[in-house]
Amino acid sequence: MDLRERTASLMGQARAELAELVAIPSVADPRQFPPEECARAARWVRDAFAGAGFADAWLAEMSDGSQAVLGSRRCADPDAATVLLYAHYDVQPPLNEAEWRTPPFELTEVAGRWHGRGAADCKGNIVMHLAALRALGDELPVHLKVVVEGSEETTGALEEFVPGHADLLRADAILVCDAGNAAVGHPAVTTSLRGVADVIVEVEALASELHSGKFGGAAPDALAALVAMLATLRDARGNTTVRGLDNTQVWPGAAYPAETFRADAGVLEGVSLLGDGGVADMVWSRPAVTSLGIDCPPVVGSAPAITPRAFTTLASAAPRVVGGAPANPPGARARLNLRVPPGTQIRGAAEALVHHLHAVAPWGVRVAAEIEAPGPPFQARTGGPAYQAIAAAMQEAYGRPMVTLGDGGSIPLCTVLADTYPDAELILMGVEEPLALIHSPNESVDPTEIAAMALTEALFLQRYAAIRS
Ligand SMILES: [Zn+2]
């Protein structure tokens with residue numbers, strides 16, 4: 001049997017394993033699911049990789065109490081290259097269970113796709129790794145390391161662990177398998193990720209609430225000021241317009257067709273896409289600001305009063321309690337989410353957003369802003385032997401050429417890995433194509449992607465060794 005036939009013959013086992021993994025609700029949040037579920041998933045993954053030749057597979061304790069599965073497997077040639085395989089076993093919560101058409105923690109086939117929370121993100125990538133390793137069997141031409149973390153969707157504690165344990169995970173090439181193709185059957189690697197930061201902005205205009213009849217018209221209104229400020233963050237065509245931030249970049253790789261994006265994003269008929277650029281420019285190469293939340297008096301229970309200011313302190317103020325029930329919050333504040341492309345410093349961009357908000361605030365209202373959790377953008381280096389090998393492997397596995405994609409989201413671990421191992425080549429790939437609906441109800445994976453990507457991975461390991469030697 002050749003590699004393709006061997007991979008195909010392993011799909012029954014892959015399905016059985018994915019069903020076992022999906023049945024473990026490994027949500028890394030003890031407020032939602034017992035931590036024992038994550039511990040079970042960790043042991044499952046450790047045992048599976050131990051069975052795939054990682055005899056030393058073990059559980060490493062992270063600072064947040066989660067466990068990452070680590071392991072290594074040596075090949076016969078001491079001078080061979082080392083490849084690190086990455087995935088995560090924790091999953092997003094099911095969210096709105098009523099929207100699931102199948103039980104979230106029971107792998108269920110619907111129209112050829114396997115449905116369940118984590119079926120693609122990222123348990124599908126775990127079974128992909130296992131299928132690739134089994135297809136290769138003893139013909140392993142490189143040294144391997146593996147890390148499967150358990151709190152990627154929450155704290156990302158592995159990011160903190162890596163720099164202090166650099167030798168454990170050191171490799172020449174790193175397969176970060178928490179991404180996917182542009183579409184089923186169209187092979188791709190993701191080479192660009194946007195950076196991210198949140199900015200919380202508050203507005204203050206008056207010493208206290210005022211009657212909107214007696215004072216409305218002349219008294220400045222904190223909520224109206226905030227709305228006016230937020231409105232300046234986009235122009236009429238939807239381009240993001242933060243002063244000092246370039247918004248004209250162009251994506252150099254494969255296009256993201258507008259019709260595909262409309263379907264992927266569920267944009268309603270008659271509603272326009274934003275911006276002057278193509279979709280790939282807008283979501284991969286240009287900055288974006290999204291209002292994640294706004295605090296202001298809710299409609300139910302609102303009184304004829306003018307909103308004077310924000311809560312008394314940034315981020316942490318609890319609603320006042322009047323007569324046993326929380327009173328309407330008397331203020332106006334917003335959390336803004338800023339995304340920036342590679343080539344833009346996230347800290348400087350977040351500061352530009354803060355300056356912008358101060359500069360556009362009307363009527364001399366007081367503005368306070370705070371930057372939260374900046375994470376830098378990521379740009380893969382694509383000129384090395386690992387990229388040569390993955391392009392050849394994808395061409396052979398899929399019968400068509402690999403393209404490079406961006407992702408508007410952020411994977412802070414990629415930046416940590418790139419900083420810790422500046423000579424390593426990072427390749428982002430996997431089984432999470434757009435139809436997988438990761439993080440949403442009705443997540444699913446296409447089994448043909450698991451088979452083709454497992455074959456890709458096996459071919460990559462062979463070709464990478466050949467190119468390097
Ligand atoms: Zn993931």
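**View 1. Strand 4 and strand 5 (residues 113-115) pair in the antiparallel sense over three bridges.** Two strands count as paired if DSSP finds at least two bridges between them. Strands here are DSSP runs (E, at least two residues) and helices are runs of H or I (at least four residues), numbered from the N terminus. Look for Glu109, whose bridge partner in strand 5 is Trp114. This is a predicted model, where local features need pLDDT of at least 70, side-chain atom pairs count only at pLDDT 80 or more, and totals for chains, interfaces and linings use all residues. Residues are numbered from 1 along each chain as its sequence is written, and side-chain values use heavy atoms, leaving out hydrogens and water.

**View 2. An open sheet holds three strands in the order 4-5-20, with antiparallel pairing.** At its edges are strand 4 (108-110) and strand 20 (444-445), each pairing on one side only.

**View 3. Strand 1 (residues 58-61) and strand 2 (residues 67-73) run antiparallel, joined by four bridges.** Ala60 stands opposite Ala68 of strand 2. Five residues lie between the strands of this hairpin, in which Gly65 takes a positive phi near 90 degrees.

**View 4. Helix 3 (residues 35-51) meets helix 4 (residues 123-136), their axes coming within 11 Å and crossing at roughly 15 degrees.** Axes are lines fitted to C-alpha atoms, for helices over the stretch in contact, and angles run from 0 to 180 degrees between N-to-C directions. The two helices are therefore roughly parallel (angles under 35 degrees). Trp44, Val45, Ala48 and Phe49 of helix 3 contact Ile126, His129, Leu130 and Leu133 of helix 4 (heavy atoms within 4.5 Å).

How values were computed: Angles under 35 degrees count as roughly parallel, over 145 as roughly antiparallel, 65 to 115 as roughly perpendicular and the rest as oblique.
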